[in-house]
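My notes follow in the order I took them.

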Amino acid sequence: MHEIYRMIVCDLDNTLVDSKKQLSAATIQEMIRLQEKGYLLVIASGRFIHEIEPVAKALQIEEHHGIIIACNGFEIYDKKDNSYHRFTPISAKESEELIRFAKSKHCCTYLYDEDGYYFIQTGSIRRIMRIAKHLFPLFRKLHPKIGHGIDRYEQMKILKEEPHFEHSFQKLCFLSHKPKHIVALETAIHRRYGRTYQFFYENPFVSEITKSDVSKRHAVEYICQKYGYEMKQVIAFGDNGNDLLLLEAAGHGVTMKNASRYIRAQANHITEDTCDEDGVIHYLKKMNL
């Protein structure tokens with residue numbers, strides 16, 4: 001094992017998995033090898049736990065007592081002691097208020113609970129989606145990301161624009177066909193609620209919101225405190241806005257070559273290969289772990 005680093009933290013989408021959401025055989029083999037050498041592998045994703053589990057199974061995280069971080073840091077599933085830890089959720093009342101805020105800024109909201117995904121549309125998006133449905137077969141052929149987005153949309157339950165909830169949520173996701181609407185929404189929420197919430201940008205058209213104590217960085221710091229590690233012993237990989245705080249705090253934070261120009265501009269280290277070229281494992285091999 002490397003004398004400095006003990007923990008490897010990897011984002012999933014467009015980082016450890018490729019643009020088609022697949023793990024390469026080489027990545028599986030290398031990540032298992034590193035776990036067998038004693039490195040603690042942590043998967044840290046914006047996805048929900050049930051969406052991460054198939055990847056964790058392929059990487060044999062349970063057998064090697066690794067850890068899953070889900071929903072941008074809201075939930076930790078520790079395979080070492082089979083425990084869960086959750087940070088602060090967004091209450092039902094807060095969710096309803098935030099959805100109204102989103103509507104006032106011409107943004108849609110989608111969210112998830114154990115019954116599945118829900119989508120609250122604005123009038124403009126509803127009209128766009130009526131037209132877009134006829135073009136879904138063409139969109140799927142254009143790019144894998146678009147296809148996965150369509151698949152998720154088709155699985156969603158469409159709710160009335162001002163729904164009533166009985167339970168809390170891990171995160172809310174906002175989207176608009178105009179990036180300026182997302183920016184206006186963030187500004188309005190911060191003006192109203194201060195730093196109660198934080199935003200993570202998936203792309204200019206999609207943003208996610210959590211409570212302020214929820215982030216991948218906070219989750220990794222919790223794991224370090226629990227097991228006696230230091231952040232300087234962490235190698236972290238990511239490609240998106242929800243990775244920035246972690247990449248800045250880790251002992252060695254690495255941004256993917258395929259990340260956006262904005263994310264790469266803030267990077268200390270960048271992989272030489274993209275997620276479609278096994279960028280993570282090539283970088284780790286060059287570190288001689």
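I started with Thr109, which has its place in strand S6. Helices (H or I, at least four residues) and strands (E, at least two) are DSSP runs, numbered from the N terminus. The model is a predicted one: local features need pLDDT of at least 70, side-chain atom pairs count only at pLDDT 80 or more, and totals for chains, interfaces and linings use all residues. Residues are numbered from 1 along each chain as its sequence is written, and side-chain values use heavy atoms, with hydrogens and water left out.

Is Thr109 buried or exposed? Thr109 counts as buried, because its relative accessibility is 1%. Buried means under 20% relative accessible area, exposed over 50%, and partly exposed in between (1.4 Å probe, protein chains only). I then listed the contacts of Thr109, leaving aside neighbours within four places in sequence. They are Ile99, Ala102, Tyr118, Phe119, Ile120, Leu172, Cys173 and Phe174. Contact means heavy atoms within 4.5 Å.

**Whole chain**

I noted 12 helices and 14 strands in the protein chain. Of its 289 residues, 54% are buried. I also looked at contacts with a separation of 6 or more: residues 24 or more positions apart account for 62% of them.

**Helix H4**

Next I took H4, residues 92-104. H4 has 13 residues and reaches 19 Å from its first C-alpha to its last, close to the 18 Å expected at 1.5 Å a residue. The expected span is 1.5 Å times one less than the number of residues. I found Ala92, Glu94, Ser95, Glu96, Glu97, Leu98, Ile99, Phe101 and Ala102 buried in H4. What do these buried residues pack against? Their partners are S6 (108-113), S7 (116-120), S9 (172-175), H8, S10 (197-203) and S11 (206-211). After H4 comes His106, with a positive phi near 65 degrees.

**H4 and H8**

I checked H4 against helix H8 (residues 179-193). Their axes come within 10 Å and cross at roughly 135 degrees. H4 is therefore oblique to H8. Axes are lines fitted to C-alpha atoms, for helices over the stretch in contact, and angles run from 0 to 180 degrees between N-to-C directions. Angles under 35 degrees count as roughly parallel, over 145 as roughly antiparallel, 65 to 115 as roughly perpendicular and the rest as oblique. The crossing of H4 past H8 is right-handed. A crossing is left-handed if the near helix is turned anticlockwise from the far one by less than a right angle, and right-handed if clockwise.

Which residues make the contact? H4 gives Glu97, Leu98, Phe101 and Ala102, and H8 gives Leu185, Ala188, Ile189, Arg192 and Tyr193. I sorted them into 7 nonpolar, no polar and 2 charged. Ala, Val, Leu, Ile, Met, Phe, Trp, Tyr, Cys and Pro count as nonpolar, Asp, Glu, Lys and Arg as charged, and the others, Gly among them, as polar.

**H2 and H12**

The second pair is H2 (residues 25-36) and H12 (residues 279-286). Their axes come within 9 Å and cross at roughly 40 degrees. H2 is therefore oblique to H12. This crossing is left-handed. Ala26, Thr27, Glu30, Met31 and Leu34 of H2 meet Ile281, Leu284 and Lys285 of H12. The contact residues divide into 5 nonpolar, 1 polar and 2 charged.

In H2 I found Thr27, Glu30, Met31, Ile32, Leu34 and Gln35 buried. They pack against S1 (7-10), H1, S2 (40-44), H3 (49-58) and H12. After H2 comes Gly38, with a positive phi near 115 degrees.

**Gln233**

I found Gln233 in the loop between H9 (216-227) and S12 (234-238). Gln233 counts as buried, because its relative accessibility is 15%. Arg6 is 227 residues away along the chain, yet the two C-alpha atoms are separated by 5.5 Å. Beyond four places in sequence, Gln233 is in contact with Ile4, Tyr5, Arg6, Met7 and Gly228.

Most residues other than glycine have a negative phi. I noted Asn14 with a positive phi near 65 degrees. Asn14 lies in H1 (residues 12-16) and counts as buried at 12% relative accessibility. Asn82 has a positive phi near 55 degrees. Asn82 is in the loop between S4 (75-78) and S5 (83-86) and counts as exposed at 53%.
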